[in-house]
Each structure stands twice: as structure tokens, then as C-alpha cells.
Amino acid sequence: MIKSLRGMNDILSEDYERFTYFIDTATKIAQRYGYHFIETPLLEETLLFKRSVGESSDIVGKEMYQFIDKGENDVCLRPEGTAGVVRAFIQKKLDKAGGVHRFFYHGPMFRYERPQKGRLREFHQFGVESFGVDSVYEDATVIMMLADILKCLGIDYKLQLNSLGDKNCMPQYRESLVSFLDSHEDEICQDCKRRKTTNPIRVLDCKNENCQTLYLDAPKLLNNLCRSCEDDFEALKKILQNNDIVYEIDTNLVRGLDYYSKTAFEFVSNDIGSQSAIAGGGRYDRLVEYLDGRPTPAVGFAMGIQRLMELIVMPEETRKGYYIGAMDAGAVDLVVNLAQHKRKTDKVSVEYKAKNLQKHLKSADKANAKFCCIIGSDELKDETIWIKNLENKTENKIDIKDF
RNA sequence: GUGAGAUUAGCUCAGUUGGUUAGAGCACUGGUUUGUGGUGCCGGGGGUCGCGGGUUCGAAUCCCGUAUCUCACCCCA
């Protein structure tokens with residue numbers, strides 16, 4: 001038997017119901033906030049991700065599905081969604097056009113990782129990107145939209161907030177952190193020694209207990225923000241408070257991708273195993289110019305659909321449509337004919353075999369139909385059809401021509 | 001990429017110190033005087049016990065390899 005590749009799953013039946021319910025809900029809410037759908041290719045030039053996500057990240061360093069195509073282009077399957085959207089934004093010259101552009105997207109992403117609960121090699125993200133607004137109100141609005149989506153799906157979450165500073169304060173902070181790490185070189189773990197050179201900020205969310213105790217004395221991001229970053233962060237907290245969004249500050253929250261600045265946030269859940277992040281995002285004011293566009297402020301988020309799936313509270317299922325069957329073999333042709341007619345407007349399931357009433361009612365019930373419609377020998381004779389409403393248990397006979 | 005555990009019917013799982021034709025519940029299907037469903041009764045189909053080797057008179061059971069899933073690390077949505 002040929003099986004799907006490791007970490008790549010089919011989505012069907014109940015999963016598909018949940019999946020589309022999520023997409024529909026998130027789409028509806030994003031549109032309320034003025035976002036428009038954008039579809040970008042699954043395959044992009046490798047350089048795009050190297051320059052946006054960053055070579056120091058694990059995603060680019062070891063998790064990309066990268067290969068040389070028949071035209072000898074170095075390409076890879078997208079490991080995340082933002083880079084492609086930014087590329088499209090620049091390619092369509094929207095950066096030069098000015099104004100505000102808000103996009104949402106959803107689709108498969110690919111990372112060559114060891115799969116486990118809530119982590120697949122092919123997984124689906126829903127995300128939004130807002131271009132051209134530098135106001136911190138936009139950061140807050142993006143967070144509130146995400147909160148709206150989760151609330152609408154009945155998902156419990158915790159929101160963690162941090163500010164990563166900008167080009168004025170981040171490099172300075174990075175330096176002071178590195179010199180702090182230098183002075184404790186002998187005490188930090190192997191991973192942190194590696195991070196010190198590749199991506200020093202990442203030491204902050206090291207899971208090692210020794211490291212964490214040590215870093216209590218390390219310089220804090222939030223204490224080293226420049227004036228404008230500081231003001232924005234204060235404003236952000238206030239806006240969220242005014243709009244009843246509960247959050248907690250986590251000075252060690254570092255996003256894994258290089259392009260973030262200022263606002264960084266993560267929505268987490270305790271109910272999905274060790275992969276607790278269900279959505280993450282932040283501001284990335286420098287990314288557009290990194291990718292050769294005109295400098296454009298931007299903010300966005302992405303959520304992992306598979307991680308949300310089992311948390312989604314689905315609306316109660318209601319009976320829908322018709323079940324049509326015959327109790328007399330001679331009525332089957334008529335029943336199929338009536339079903340075709342009814343299908344122009346309603347969901348219909350037909351039973352091709354003649355059965356007794358009890359069997360039909362059971363099947364209709366199983367099919368979750370609202371009406372069970374039967375033609376037996378009596379009905380065949382007087383050209384009527386027997387209809388029972390399975391919700392309120394009322395039944396009646398009507399002329400076939402009125403069905 | 002590293003370490004640990006798991007894998008038996010469509011699904012959830014039993015299966016004794018290795019011993020005849022590997023079981024249950026649910027699901028599917030047929031029948032139950034062909035007119036009343038979501039909990040009646042009786043029957044039926046369905047498994048190369050993940051895959052490949054090995055030990056043994058004999059392996060679902062023990063050993064080795066391998067694939068996949070799960071968990072932890074790493075990292076992230």
C-alpha cells in the first residue's frame with residue numbers, strides 16, 4: 001500500500017467539516033476588518049526565505065523543502081506565509097502606490113521537521129498582513145481581530161505580549177546581552193553558546209533551568225527600549241485594556257523569525273500538548289525594504305490551523321434536507337426522479353432499495369435528514385407521497401405533483 | 001537530527017509462562033408478518049496481528065532491522 005509521506009495528512013470527513021468551519025469563520029471576521037484574500041505560490045525562490053525569515057533561523061537553516069528544479073532554479077516549498085505576501089506586495093508595486101493594503105491568506109506550509117502532536121511537515125496556516133500603517137492602533141486591531149476569531153470558535157487562550165524594539169534600540173540591546181553572555185560563558189548551556197553567535201536574542205526563551213535563573217539578571221528588552229518604542233508599547237497595552245483584551249507581559253517572548261520589530265505577541269493554549277503556540281505575530285517594519293521594496297510599515301499574524309482544530313467548538317448540527325425511499329420496488333424509479341427534482345433546491349439522499357418503513361426511518365435518521373419521504377404501494381396508487389418531519393414528528397401525505 | 005514508548009477488524013481495544021480455526025464493543029450488512037426513527041431480536045462479512053528477517057517442533061507473544069505514530073529535546077503555527 002502506498003502511504004502518504006511522513007508528516008503529511010489527508011483532511012476529510014469530520015476534520016474537513018472543522019477545517020472549513022475554521023476557514024469560513026476566520027475569513028468572515030478578516031473581511032469585517034477590511035482584509036482581502038491573497039493567494040501566493042507554494043513554491044518560491046529559496047533566496048526569498050533566506051532574506052526574510054533569516055538564515056539564522058532553524059526554518060531556513062534545516063527545515064526547508066529545498067531543491068533545484070528542471071530549470072536549475074534554487075526553489076523551496078514555502079515554510080511560512082509572510083515572505084510570499086510581502087514579495088507579491090512589492091512585485092505588484094503596491095509599496096510605491098502608497099496607501100494601506102490589508103491581506104489575509106490561508107494554505108499549506110511545509111517544514112521538514114520530526115512530526116509530533118500539533119506539528120506536521122505539511123500544515124495549514126491562516127494569516128493576515130497589514131501594510132502601510134505605522135500606528136500602534138493597527139497592532140492592537142490585529143490582535144483584537146485574532147481574539148475575535150478565537151472567541152468566535154470557542155477557543156480559550158492566553159495572550160503574551162512583548163516589544164522587540166526597533167533599529168534604534170535593538171542593536172544596542174543585542175550588544176549588551178551578548179556582553180552579558182560573554183561574562184557568563186562558562187555557566188550557560190551548549191545551546192545558548194551556539195545561540196550567542198547565531199541569534200543571541202533567542203537565549204531568552206531557553207528551556208534550561210540554569211540558564212533561566214541566570215537570565216533573571218540579564219538586561220531586559222523592555223528596559224532598553226528607545227522612547228518611541230516605549231511609548232508605543234505603553235499605548236498598545238492601554239488600547240488592549242480599553243477593549244477588554246486580557247494579556248500578560250513576557251519579556252522573554254522572542255519570535256523565531258528575524259523580521260519582527262517592536263510589537264511581538266503569541267496566543268497560547270494549555271490544551272494541545274507541548275506545542276502550545278496557536279498563533280503568533282507582530283510588527284515587521286523593515287521587511288519590505290529588506291526585500292528591495294520602498295520602506296513600508298507592516299504588522300500581521302499567522303495561526304496554525306491543525307493546532308486549533310481540536311479546540312474548535314462546532315455549532316450544534318441540525319437536521320437538513322430530505323431522505324427519499326420506496327417501500328415497493330415499483331416505486332424506485334419514481335423516487336429517483338423526485339429526488340433529482342428536489343435536488344435543484346435541497347440536499348437529498350435517496351435509497352435505491354425498497355425497504356419497510358422502519359428501515360427507512362432508521363436510515364433517514366442516520367442520514368441526519370429533516371424529512372423522511374416515502375412512497376409505498378398505497379401512495380403509488382393515489383399518487384401521493386408520505387412525509388414525516390423527523391424533528392417535530394409530524395407527518396402528512398401530499399400529492400406528488402406538489403412535492 | 002538525538003533519545004524513549006507504541007503499532008492486533010473501518011474505529012476503540014482484549015489476547016495468560018510462546019501452544020490448535022486471533023476475540024469484544026461500536027460501525028457495516030442480511031433477516032425479523034412491507035406502515036412509524038434516534039437504545040428490539042437473530043444472523044453475516046471483514047484481520048498475511050505495521051513491514052522484513054531471525055530463534056523455535058510451534059511466534060500476535062521472544063530477538064534484530066525498518067516504516068509510521070506518540071512523547072521529550074531542538075524549534076515553531
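Predicted model: local features only at pLDDT ≥ 70, side-chain atom pairs only at ≥ 80, totals over all residues.

I count two strands as paired if DSSP finds at least two bridges between them. Strands (E, at least two residues) and helices (H or I, at least four) are DSSP runs, numbered from the N terminus. With that, I looked up strand E6 (residues 122-131) and strand E11 (residues 298-304): they run antiparallel and are joined by 7 bridges. Gln125 stands opposite Gly304 in E11.

Residues are numbered from 1 along each chain as its sequence is written, and chains are lettered from A and ligands numbered from 1 in the order in which they are written.

**Sheets.** I traced the sheet that holds E6 and E11: it is open, with 8 strands in the order E1-E5-E6-E11-E10-E9-E7-E8 and mixed pairing.

I then traced an open sheet of 3 strands, ordered E2-E4-E3, with antiparallel pairing. Here E2 (43-45) and E3 (66-68) are the edge strands, each pairing on one side only. From one strand to the next, the twist averages 35°. E3 pairs with E4 (residues 74-77) over 3 bridges, in the antiparallel sense. Phe67 stands opposite Val75 in E4.

**Helices.** I fitted axes as lines to C-alpha atoms, for helices over the stretch in contact; angles run from 0 to 180 degrees between N-to-C directions. The axes of H6 (residues 136-152) and H10 (residues 227-242) come within 9 Å and cross at roughly 40°. That makes H6 oblique to H10, because angles under 35 degrees count as roughly parallel, over 145 as roughly antiparallel, 65 to 115 as roughly perpendicular and the rest as oblique.

Which residues of H6 and H10 make the contact? I count residues as in contact if their C-beta atoms, placed from the backbone, lie within 7 Å. From H6 come Val136, Tyr137, Asp139, Ala140 and Ile143; from H10 come Asp232, Ala235, Leu236, Ile239 and Leu240.

**Domains.** The bounds come from an automatic or database domain assignment. Chain A is divided into domain 1 (13-169 + 242-309), domain 2 (171-224) and domain 3 (322-402). The centres of domain 1 and domain 2, taken over C-alpha atoms, are separated by 26 Å. Their contact takes 10 residues from domain 1 and 13 residues from domain 2.

Technical notes:
Contact = placed C-beta atoms within 7 Å.
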